[in-house]
Amino acid sequence: MILEGNDPATQPSFTIGNRLARALWGVSWLLLFRPSPRPLHAWRRALLRLFGTRMGEHVHVYAGVRIWAPWQLTLGDRVGIADGVTLYNMAPMTIGNDCTLSQGAYLCGGSHDINSANFQLVAHPINLADHVWVCAEAFVGPGVYIALGCVVGARAVVMKDINQPWTVWGGHPAVQLKTRRPRSST
């Protein structure tokens, strides 16, 4: 999806409304979200909801998480997002139930069209199904879907959909390493 279809060298890539909302969010993040004490998950959930995030219950978003556009974020139940995670959600981003994003993970929903003379900005949604774990410092690129129960290993780079559920992926680019055999919770 091309964002504005303009010349990014001479014009903004986003509407004035979008830029003002991001500025307001940036100030709120800096003054209210980021300095909040570690256990105040309810406070950060309230701020995210105020800025349009849709989320389920028992969501833990830590104070060191960077979110580009909270109004484009949907979080399921029992989601944990660790300090140092970046959600660069220029397009909608959905994180399913029982997902974990570990320290330094980077979910990047935007890029540039390399075939465009002016490298036009583009954005694509990212969708994580339920029970996905994106491990420390892993990268998930624009338009990627990750299937039910997958684990993306530390520092892996995922640029294509992962459609095989309950699998473990690692490397650059990420390749399937093995199949998971989840145990029931007891």
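Modeller: Here you go. E137 is partly exposed, with a relative accessible area of 41%. Keep in mind that this is a predicted model.

Colleague: What makes E137 partly exposed?

Modeller: Buried means under 20% and exposed means over 50%. E137 has 41%, so it counts as partly exposed.

Colleague: And why is R155 called exposed?

Modeller: R155 has a relative accessibility of 58%. The cut-off is over 50%, so R155 counts as exposed.

Colleague: How do you know that E137 and R155 meet in a salt bridge?

Modeller: Their N to O distance is 2.5 Å. The rule asks for a nitrogen within 4 Å of a carboxyl oxygen, so the pair qualifies. E137 sits in the loop between β13 and β14, R155 in the loop between β16 and β17, and they are 18 residues apart.

Colleague: What makes R38 and D83 a salt bridge?

Modeller: The closest N and O atoms are 2.9 Å apart, and the limit is 4 Å, so that pair passes too. R38 lies in the loop between α1 and α2 and D83 in the loop between β5 and β6, so the pair ties together parts that are 45 residues apart in sequence. By this rule the count comes to three salt bridges.

Colleague: How does the radius of gyration of the protein fit a compact globule?

Modeller: With 186 residues, such a globule would have a radius near 16 Å; the protein has 17 Å, which agrees.

Terms used:
Residues numbered from 1 in each chain as written. Predicted model: local features only at pLDDT ≥ 70, side-chain atom pairs only at ≥ 80, totals over all residues. Heavy atoms only, no water. Rg over C-alpha atoms; globule rule 2.2 N^0.38 Å. Salt bridge = Lys/Arg side-chain N within 4 Å of Asp/Glu carboxyl O. Helix = DSSP H or I, 4+ residues; strand = E, 2+ residues; numbered from the N terminus. Buried < 20%, exposed > 50% of the residue type's maximum accessible area, 1.4 Å probe, protein only.
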